[in-house]
Amino acid sequence: MIAAICSTVALQVRFDWNLGIEYVLVSVIVPMLWVVTLWFSGAYNARYIGTGSEEFRKVLHAGFTLTAGLAILSYAINTELSREYLLLTMPTLAAADLCVRYAWRKRLHRRRATGECMSNVLAVGPESAVVDLVTELRRGSYHGLTVVAACLRETTSGEVAGIPVFGGLAVDDVVDAVRRSGADTVAVLSSSELDGATLRQIAWGLEKTGTDLCVAPALLDVAGPRTSIRPIAGLTLLHVDHPQLSGPRQVLKDLFDRTAAGVALVLLSPLLITVALAIRSTGGGPALFTQTRVGKDGRPFKIYKFRTMVVDAEKLLAELRAVNEHDGVLFKMRRDPRITVVGARLRKWSLDELPQLFNVLLGEMSLVGPRPALPDEAARYADLVRRRLVVRPGLTGLWQVSGRSDLSWDEGVRLDLRYVENWSFALDLQILWKTFSVIFKGAGAY
């Protein structure tokens with residue numbers, strides 16, 4: 001339907017209906033070719049629909065492929081296909097398809113939030129890994145997966161995280177659990193007992209049931225672009241590239257961050273002045289709040305924020321430590337008595353963070369990165385957590401678009417480390433896009 005509309009509109013714009021029979025045929029063939037190209041590109045694969053950016057990449061790939069194919073075919077058969085018609089049709093068609101898919105994705109996410117359109121998953125592996133998978137999928141229902149049963153290494157009965165346990169790791173147990181639970185996907189989690197031979201037997205057993213099989217590698221939180229298969233001496237090895245923490249792409253990130261921060265400061269200057277005056281008019285005190293934070297490689301810097309608390313908030317912190325509502329090394333309270341009325345509004349919409357654009361402009365922070373840590377927090381970091389200090393902290397990040405203050409300390413650290421290990425310019429753009437919707441909802445901000 002979208003292809004037919006775009007093709008018809010392109011004909012009207014380019015030829016104003018003064019066209020020959022060949023273009024009528026082209027306008028009929030192009031929609032069919034578009035559907036076929038999307039199918040071959042995998043854009044209709046249920047695994048990609050509704051989650052991640054892979055679906056959108058496949059649509060763009062189909063657009064480039066069909067455009068190039070039509071141009072080559074026109075040259076090969078010596079048909080003068082109008083370049084204006086082609087340039088009008090294909091970009092419009094790809095853009096319209098992406099917009100419609102985005103709208104349907106949002107509708108699908110809303111339905112999945114109510115438990116509809118979900119795939120049932122049987123989790124197989126150690127209890128701790130199953131609990132992590134259940135927690136992650138419950139928090140992100142948009143993935144379209146829900147764990148309905150488990151097969152555990154430690155036990156063969158009872159339940160874990162509210163999920164019934166239908167057996168152990170034996171092949172017969174897994175196949176029987178699929179039938180009993182009605183699962184259409186089996187997720188095999190990393191376990192020493194699940195070697196290659198056992199996985200093959202499970203795969204063979206699932207062939208008869210038509211159940212999908214997913215295997216979680218032992219190396220977690222490493223994105224697909226960093227991994228590739230290397231067959232060596234009859235073995236299938238997983239090659240893992242090092243994260244791109246330096247080089248031309250980081251130079252591009254720095255240039256983009258500083259340019260975007262400078263433009264944002266100019267455009268938002270009326271808002272910044274208004275917020276500063278509002279803070280000054282309620283109770284006095286400075287409009288800006290500065291605090292020492294730990295940046296890249298552990299270097300301290302002064303962070304700028306709009307003041308949202310009373311002037312002597314730091315002195316009152318010691319009295320409130322006993323009622324900390326956050327785990328780990330962070331201090332958070334949903335109803336912190338130090339927060340002013342204006343400050344509560346600023347925090348809800350994250351307006352108090354806007355002065356950090358100056359930190360980005362100075363190169364002390366990035367637009368996207370891990371949460372900037374306090375010195376006493378960084379001093380208590382374990383070696384694993386210090387990994388988040390190899391990049392500049394961010395104005396926003398995975399932690400913000402995934403729950404903000406509602407996240408536990410361990411979840412926040414895991415997301416920060418995932419960002420460090422899998423950074424890409426595309427990931428930054430994706431996080432920035434999601435940040436606007438998170439701020440608009442105001443969830444997790446206190």
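What span should the 23 residues of helix H3 have, and how far apart are its end C-alpha atoms? Helix H3 covers residues 54-76, and at 1.5 Å a residue it should span 33 Å. The expected span is 1.5 Å times one less than the number of residues. The end C-alpha atoms of H3 are 32 Å apart, which agrees.

Before we go on, a word on what you are looking at. This is a predicted model, in which local features need pLDDT of at least 70 and side-chain atom pairs count only at pLDDT 80 or more, while totals for chains, interfaces and linings use all residues. Residues are numbered from 1 along each chain as its sequence is written, and side-chain values use heavy atoms, with hydrogens and water left out.

Let us take in the whole chain. Its secondary structure comes to 16 helices and 12 strands; helices (H or I, at least four residues) and strands (E, at least two) are DSSP runs, numbered from the N terminus. The chain has 446 residues, and 40% of them count as buried. Buried means under 20% relative accessible area, exposed means over 50%, and partly exposed lies in between (1.4 Å probe, protein chains only). Among the contacts with a separation of 6 or more, 68% join residues 24 or more positions apart; contact means heavy atoms within 4.5 Å.

Back in H3, the buried residues include Glu-55, Lys-58, Val-59, Ala-62, Gly-63, Leu-66, Leu-70 and Ser-74. Look at the spacing of those numbers with this in mind: an α-helix has 3.6 residues a turn, so residues three or four places apart point the same way.

Now for the inside of the model. In soluble globular proteins, nonpolar side chains tend to be buried together. A nonpolar core here is a set of buried Ala, Val, Leu, Ile, Met, Phe, Trp, Tyr and Cys residues joined through side-chain atoms within 4.5 Å. The largest such core has 28 residues, and Leu-357, Leu-367, Tyr-419 and Ile-431 touch the most other members. Elements that give two or more residues to this core include helix H8 (248-267), helix H12 (356-361) and strand E11 (366-368). Helix H16 gives the largest share, 4 residues. A second, separate core of 17 residues includes Phe-166, Leu-169, Val-188 and Ile-202.

Let us zoom in on helix H8, where Asp-257 lies. Asp-257 is buried, with a relative accessible area of 2%. Leaving out residues up to four places away in sequence, Asp-257 touches Val-360, Ser-366, Leu-367 and Arg-392. Leu-357, with neighbours left out in the same way, touches residues including Ala-261, Ala-264, Leu-265 and Leu-367.

Strands deserve a visit too. Strand E9 (residues 288-294) pairs with E10 in the antiparallel sense over 7 bridges, where pairing requires that DSSP finds at least two bridges between two strands. Thr-292 has Lys-302 in E10 as its bridge partner. The two strands form a hairpin with 5 residues between them, and Asp-297 in the turn has a positive phi of about 60°.

Finally, find Val-121 in strand E1 (residues 119-125). Is Val-121 buried or exposed? At 3% relative accessibility, Val-121 counts as buried. The C-alpha atom of Val-121 is separated by 8.8 Å from that of Ser-181, although these residues are 60 residues apart along the chain.
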